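Here is a short report on one protein chain. Look over the sequence and the fold first.

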Amino acid sequence: MFYKNYLKYKCLKDKLNTYNNIKKRVFGYFNSTLDFQKIPRNSNPTRIRNRCYITGRPRGVFRRFGLSRCMIKDLAFKGFIPGLFKSSW
């Protein structure tokens with residue numbers, strides 16, 4: 001949903017920021033806000049959340065792997081992630 005409407009959202013946001021004249025600013029801002037209300041809320045880039053690919057867990061996700069810390073620990077113990085192992089001293 002996000003990628004589908006991202007360009008539309010970006011275009012509207014740029015249009016909203018380009019109003020210089022006061023008359024243009026008032027009417028243009030009003031029309032732009034109506035346009036923003038028509039697109040879905042999930043097209044806003046700030047609503048995107050990193051999630052684990054396996055479990056869907058929203059917290060504790062490592063960007064490098066795209067996995068949560070729990071899954072990284074389990075997969076590292078099993079040896080499925082090359083070069084990653086539990087440290088012990």
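What share of the contacts in the protein with a separation of 6 or more comes from residues 24 or more positions apart? The share is 25%, where contact means heavy atoms within 4.5 Å.

This is a predicted model: local features need pLDDT of at least 70, side-chain atom pairs count only at pLDDT 80 or more, and totals for chains, interfaces and linings use all residues. Residues are numbered from 1 along each chain as its sequence is written, and side-chain values use heavy atoms, without hydrogens and water.

**Fold and surface**

The protein has three helices and two strands. Their order along the sequence is α-α-β-β-α. These are DSSP runs (helices H or I, at least four residues; strands E, at least two), numbered from the N terminus. Of the 89 residues, 22% are buried. Buried means under 20% relative accessible area, exposed over 50%, partly exposed in between (1.4 Å probe, protein chains only).

**Core**

The largest nonpolar core has six residues: Cys52, Leu67, Met71, Ile72, Leu75 and Ile81. Helix H3 (residues 69–78) gives the most to this core, with three residues. Such a core is a set of buried Ala, Val, Leu, Ile, Met, Phe, Trp, Tyr and Cys residues joined through side-chain atoms within 4.5 Å.

**Cysteines**

The disulfide count is zero, with a cut-off of 2.5 Å between paired cysteine sulfur atoms. For Cys52, the nearest cysteine sulfur is that of Cys70, 8.4 Å away.

| Residue | Relative accessible area |
|---|---|
| Cys52 | 5%, buried |
| Cys70 | 31%, partly exposed |

Beyond four places in sequence, Cys52 touches residues including Arg57, Val61 and Met71.
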